[in-house]
Amino acid sequence: MKITRQKHAKKHLGFFRNNFGVREPYQILLDGTFCQAALRGRIQLRDQLPRYLMGETQLCTTRCVLKELETLGKELYGAKLIAQRCQVRNCRHVKSAVSGSECLLSMVEEGNPHHYFVATQDQDLSVKVKKTPGIPLMFIIQNTMVLDRPSPRTVAFVKAVESGQLVSVHEKQSIKQLKEEQGLVKSREPRRKRKKKVGGPNPLSCLKKKKKAQDPKSPASEKKKKRKRIRNRSTPKVLPEQQGVEG
């Protein structure tokens, strides 16, 4: 049974790898139900998952899943410990947490660009995941991990791509990358804002003002010249008595 399960897993992985670009390390998104089932089945996820998928794996979860397990109380305390040992991926629900199933669905939207696997025991979540092409789904049955076969929606999508009716997200990314490498498409770079130069003082205004040469004939220059006083020596006055003696 173990060899048969691994053969099926290898076949399914090859399908997702060739058509959707799934690659190692395989990123497995866990919710609380899968952690609880692993705990009850005494499954060592870190050891058994890489052997089952025959490749390197990364166990991941989100803050919403951790928050949900905390609110559920002591019954899921063991599942919370398993989830806390996983790598926490950033979700869009920073301000207000949502349910774990809703959060995991948001992580695989828009073509599942990060190639996440969804590991859950929630039937409603599984049905919604199967409606989106290209998402590998995992669950636990009879204390055994199983990689589900590609959903009918996924198979139909691949056939449409092969017939030329659709282009997969993986092919779009490859085409875009080839065009950028060949220079057919310029990669968009953020425009740099020009810094306004702070204008300094005008260099001509810093020069010292030259003193204007004054015209010697101008009245202002004449005022500055010192005038020499010419003293006229007055003749001594002759007294009347001296005039009589002389006569």
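Some ground rules before we dig in. Residues are numbered from 1 along each chain as its sequence is written. Since the model is predicted, local features need pLDDT of at least 70 and side-chain atom pairs count only at pLDDT 80 or more, while totals for chains, interfaces and linings use all residues; side-chain values use heavy atoms, with hydrogens and water left out.

**The overall picture**

The protein chain has 12 helices and 6 strands. These are DSSP runs numbered from the N terminus, with helices being H or I of at least four residues and strands E of at least two. Of the 247 residues in the protein chain, 32% are buried. Here buried means under 20% relative accessible area, exposed means over 50%, and partly exposed is what falls in between (1.4 Å probe, protein chains only). As for contacts (heavy atoms within 4.5 Å), take those between residues at least 6 apart in sequence: 66% of them join residues at least 24 apart.

**How the helices pack**

Axes are lines fitted to C-alpha atoms, for helices over the stretch in contact, and angles run from 0 to 180 degrees between N-to-C directions. Angles under 35 degrees count as roughly parallel, over 145 as roughly antiparallel, 65 to 115 as roughly perpendicular and the rest as oblique.

| Helix pair | Angle | Axis distance |
|---|---|---|
| Helix 2 and helix 5 | about 110° | 8 Å |
| Helix 4 and helix 5 | about 160° | 9 Å |
| Helix 6 and helix 7 | about 15° | 10 Å |

Start with helix 2 and helix 5, which are roughly perpendicular to each other. Gly32, Cys35, Gln36 and Leu39 of helix 2 make this contact with Gly78, Ala79, Ile82 and Ala83 of helix 5. Sorted by class, the contact of helix 2 with helix 5 has 5 nonpolar, 3 polar and no charged residues. For the record, Ala, Val, Leu, Ile, Met, Phe, Trp, Tyr, Cys and Pro count as nonpolar, Asp, Glu, Lys and Arg as charged, and the others, Gly among them, as polar.

Helix 4 and helix 5, on the other hand, are roughly antiparallel, and their crossing is left-handed. A crossing gets that label if the near helix is turned anticlockwise from the far one by less than a right angle, and is right-handed if clockwise. Leu66, Leu69 and Glu70 of helix 4 make the contact with Ala79, Lys80, Ala83 and Gln84 of helix 5. The contact of helix 4 with helix 5 has 4 nonpolar, 1 polar and 2 charged residues.

Then there's helix 6 (residues 100–107) with helix 7 (residues 123–130), a roughly parallel pair with a right-handed crossing. Ser101, Leu104 and Leu105 in helix 6 meet Leu125, Lys128 and Val129 in helix 7. That contact of helix 6 with helix 7 divides into 4 nonpolar residues, 1 polar and 1 charged.

Just after helix 4, Gly73 has a positive phi of about 95°.

Cys64 also turns up in the surroundings of His93: leaving aside neighbours within four places in sequence, His93 is in contact with Cys64, Val98, Cys103 and Ser106. His93 sits in the loop between strand 3 (87–89) and helix 6, and at 15% relative accessibility it counts as buried.

Gln6 lies in helix 1 and is partly exposed, at 24% relative accessibility. Not counting residues up to four places away in sequence, Gln6 touches Arg51, Tyr52 and Met54. Gln6 and Val146 are 140 residues apart in sequence, yet 9.2 Å apart in space, C-alpha to C-alpha.

Now the aromatics. Rings of Phe, Tyr and Trp (its six-membered ring) pair if their centres lie within 6.5 Å; planes under 30 degrees apart count as stacked, over 60 as edge-to-face and the rest as tilted. By this rule there are 5 aromatic pairs. Phe15 and Phe20 have ring centres 6.5 Å apart and planes at 55°, so the pair is tilted. Phe16 and Phe20 are tilted too, with centres 6.2 Å apart and planes at 40°. Both Phe16 and Phe20 lie in helix 1 (residues 2–20), 4 residues apart, about one turn of the helix.

Phe15 is partly exposed at 22% relative accessibility, whereas Phe16 and Phe20 are both buried. Ring pairs link Phe15, Phe16, Phe20 and Phe157 into a cluster.
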